[in-house]
Amino acid sequence: MARILGVLVERGLVTRTDERGLYRLGMQLLYLGGRLESKLRLRYVARPNMEALAQKTGKTIELSTLDRDQLILIDQIEGEEGVRLFTRIGSAYPYFHAIGAGKIYLAHREQKKRNEALQKIGLPMITKYTITDAERLEKEFSDIRANGFAFEDQELRVGVRRVVAPIYDSHAKLAGCIGIASPIFSFAYEDKEELAELVKGAAKRISEGMGAAWNDGGGIGR
C-alpha cells in the first residue's frame, strides 16, 4: 500500500498532508476531473444539435475534442447512406494535417506552436490526396480562420469527405469540433458550401450552449 501511495503522490494524484500519514486528493486528480467534466458537458450540449444535423442531412455527424495534444472522437451519429464511416468513440486521430478537425486546431494555434506541432508529427502522405506542402497548408489555415470551417477531401480516407466547424467555450477558447462526414458519392464538391453553413450553424448553437458570446460581426467574442 505504501508503494502505491508513493506512486500516486509522485504523479500528483494524492498529496500527503502531514507526518501522521494522512492524504488528500492531489491537484492532478482535480485537474483530470475538470477535464472530464468539460468533455461530458460538451457532449451533453452538442448531442441534440448533432441529432438535428443528422436528421437534416442523413450523413454521419462527428464530435471531437483535444485531450493532451491528441484529437479524440467523443461522440458520433452514423449516417443513413449505406456506407459505414463509424470510428470507435475514444479513438485518436494522429494526423492533424489530414483531417478537418485537426486542421481546425492547427489553424487556431499561434504560428510558432503550429510549426512545432507540424515538425513533431511531420506531414506524411496518408492518401494520394493528403496535403503535404507546408505553404498550401498555411493557405488552408488562413481560409479556415476567415471562413469558419475546414474541408477535408479524401485526405485521411479515400472516398470520404468532411466539413468541420469549431466550437468555442465561455472563454472564447476552442472547445471542440463538429463535423459532417460522408462518402463522395453523396457529398459532391459542389455541396461543400451548403453543408458548411449547416455545420457552422450547429457549431454556433453548441458554442452558445457552452457559454460563448458572439460579436456583432457574427464571430466569436474575444
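**Exercise 1. How many cavities of 30 Å³ or more does the structure hold? Describe the lining of the largest one.**

Step 1. The model is a predicted one, in which local features need pLDDT of at least 70, side-chain atom pairs count only at pLDDT 80 or more, and totals for chains, interfaces and linings use all residues. Residues are numbered from 1 along each chain as its sequence is written, and side-chain values use heavy atoms, with hydrogens and water left out.

Step 2. A cavity is a set of points, on a 1 Å grid over the protein atoms alone, where a 1.4 Å probe fits but cannot get out, and a lining residue has an atom within 4 Å of a point. The structure holds one cavity of 30 Å³ or more, and about 80 Å³ of space lies in the largest cavity, where a volume is the space filled by probe spheres set on the points, which are joined across faces, edges and corners.

Step 3. The lining of the largest cavity includes E62, S64, R162, V164, C177, I178 and G179. The elements that give two or more residues to this lining are β3, α3 (100–107), β7 and β8, and β8 gives the most, with three residues. Helices (H or I, at least four residues) and strands (E, at least two) are DSSP runs, numbered from the N terminus.

Step 4. By class, the lining has seven nonpolar, three polar and two charged residues; here Ala, Val, Leu, Ile, Met, Phe, Trp, Tyr, Cys and Pro count as nonpolar, Asp, Glu, Lys and Arg as charged, and the others, Gly among them, as polar.

**Exercise 2. Which residues have the most contacts inside the largest nonpolar core?**

Step 1. A nonpolar core is a set of buried Ala, Val, Leu, Ile, Met, Phe, Trp, Tyr and Cys residues joined through side-chain atoms within 4.5 Å. Buried means under 20% relative accessible area, exposed over 50%, and partly exposed in between, with a 1.4 Å probe and protein chains only.

Step 2. The largest nonpolar core has 27 residues, and those with the most contacts inside it are I61, V163, I167, I178 and I206. The elements that give two or more residues to this core are α2 (27–57), β3 (60–67), β4 (70–77), β7 (160–168), β8 (174–183) and α6 (192–209).

Step 3. Take I167 as an example: leaving aside its neighbours within four places in sequence, I167 is in contact (heavy atoms within 4.5 Å) with residues that include L42, L63, I178, A203 and I206.

Technical notes
On a 1 Å grid over the protein atoms alone, a cavity is a set of points where a 1.4 Å probe fits but cannot get out, and a pocket is an open set with protein on both sides within 12 Å along at least five of seven lines; lining residues have an atom within 4 Å of a point.
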